[in-house]
Amino acid sequence: MTSLIPSKEAAGSLLSVYELTEDLLRTVGSPAVHALRQEGARRFAELGIPTPKDEEYKYTPLRPLEEMRFQPAYGATVSRAEFEATLLGRLEGIHLVFVNGEYAPELSSEQALPEGVAIGSLGKALEQCPALVERYLTQVAKISDADKLGQPVYPFVALNTAFLGEGAFVFVPENVHVDAPIYISYLTKSEHGVFASHPRTLIVLEAGARAGVAEVYQGLKGPYFTNAVTEVVVKEGAVLEHVRVQDETAEGLHLGAVQAYQRRDSTWRSLTIHLGARIGRADVGLYLDGENTESVLDGIYVGTGEQILDLHSRIDHAKPHCHSFQIVKGILADRARGVFNGKIFVYQDAQKTDAKQTNQAMLLSKTASVDTKPQLEIFADDVKCTHGATVGQLREDALFYLRARGIPLREAQALLTYAFVSEVLEPLADEGLRHVLEARLFAKLEESEAIRFET
């Protein structure tokens, strides 16, 4: 493959910030953790920033990232009122809040937790329970080709690892159930120049554990770059509902990766939602390393204006009798572009695999577009695997039917749009979060120049 570094200045701008802050980063965690940072920086320098010549980034140009000249991240103040106005701010649950990549204890909530449960700042966990954190850190989101799982090494995972230090840590020990929802808010407020933040989230459920986690990346002001990585480990018989929402500012850039690992008899229900950012991309990867697992990797992206929203996924079925289901819904208006690329690999030993993948996109304007590419690679002979993609518009006869019964255009469009995405939203067990996401979805659609809602 040819070099993926289109501009040494672009990669250098990000790495120069690492060089400026390396001594400060070194103070967080053990020498082994800092060795991971150094390897991450070396790997990113080697891989560089992908160009459209790379098939994986063919439809997601990163030139705006090249144009940015970054400075070290700086602090910002978010009031309680500002926090309560965010997506998760008024929901009841366990809150971890970060502002410009820094933990904000004044906005976070502490609750009595079952014995052995750890929910808090990753930076603090690296100091207080380093052996526990280091046991899992970078074991799923790999930065080295050696002994890696099925997932490739992503350049921006390596870059995130170079800045390892702060983020969220969720650990639920064996057979413990956390009933309260866990909410992680990554808020960004750019007021004094462009910077990059690299939050890391590590979620570990040991055998028989249960929890629900929602992480939201929400922009409050200005241009910036969020480069986020989430590692998920779901052990034998554990159950995790995981929601990830990207709602950055219109000037922001967001590149995120979720890498998950499941053992036998476990369940991971995942929902990825793309709403904000000038360019937003999520790479969701799952490695199934045990029999009788159940996995749901659903997604929603809603683009308006000139946004580019990209959802890539890869599922590796390595063991037999596993089930994965994926439905990704896209809504695009104005001149927005959506991208979906979903890969499913079924290994030779993964007999009796059941894998279903569907991508459906709704175009609300003639200038919106979507590039969709579902893929299957099957090396076993006793499997049930299907995939498919459809692109269409709101049905005129359905709109006419609703309007003929006195429903205004705005409500009619909202009803049909909700019906389109409800298949993905309604299974959420967290009812409060579901209502918040529904409201944000409709507010997002009202931003479109292509839709003129009647009052």
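How many helices and strands are there in the chain? In this predicted model, the chain has 10 helices and 20 strands. The radius of gyration of the chain is 21 Å, close to the 23 Å that the globule rule gives for 455 residues, so the chain is as compact as a globular protein of that length. Along the principal axes, the C-alpha atoms fill a box of roughly 70 × 55 × 55 Å.

Burial and contacts were examined next. Of the 455 residues in the chain, 60% are buried.

Helix α9 spans residues 409–425, and helix α10 spans residues 431–445. The two pack at an angle of about 140°, and their axes lie 11 Å apart. The crossing of α9 past α10 is right-handed.

The residues at this contact come from both helices. α9 contributes Ala414, Thr417, Tyr418, Val421 and Leu425. These meet Arg434, Leu437, Glu438, Leu441, Phe442 and Leu445 in α10. By class, the contact of α9 with α10 has eight nonpolar residues, one polar residue and two charged residues.

Methods. Residues are numbered from 1 along each chain as its sequence is written. This is a predicted model: local features need pLDDT of at least 70, side-chain atom pairs count only at pLDDT 80 or more; totals for chains, interfaces and linings use all residues. Side-chain values use heavy atoms; hydrogens and water are left out. Axes are lines fitted to C-alpha atoms, for helices over the stretch in contact, and angles run from 0 to 180 degrees between N-to-C directions. Helices (H or I, at least four residues) and strands (E, at least two) are DSSP runs, numbered from the N terminus. A crossing is left-handed if the near helix is turned anticlockwise from the far one by less than a right angle, and right-handed if clockwise. Contact means heavy atoms within 4.5 Å. Ala, Val, Leu, Ile, Met, Phe, Trp, Tyr, Cys and Pro count as nonpolar, Asp, Glu, Lys and Arg as charged, and the others, Gly among them, as polar. The radius of gyration is taken over C-alpha atoms; the globule rule is 2.2 Å times the number of residues to the power 0.38. Buried means under 20% relative accessible area, exposed over 50%, partly exposed in between (1.4 Å probe, protein chains only).
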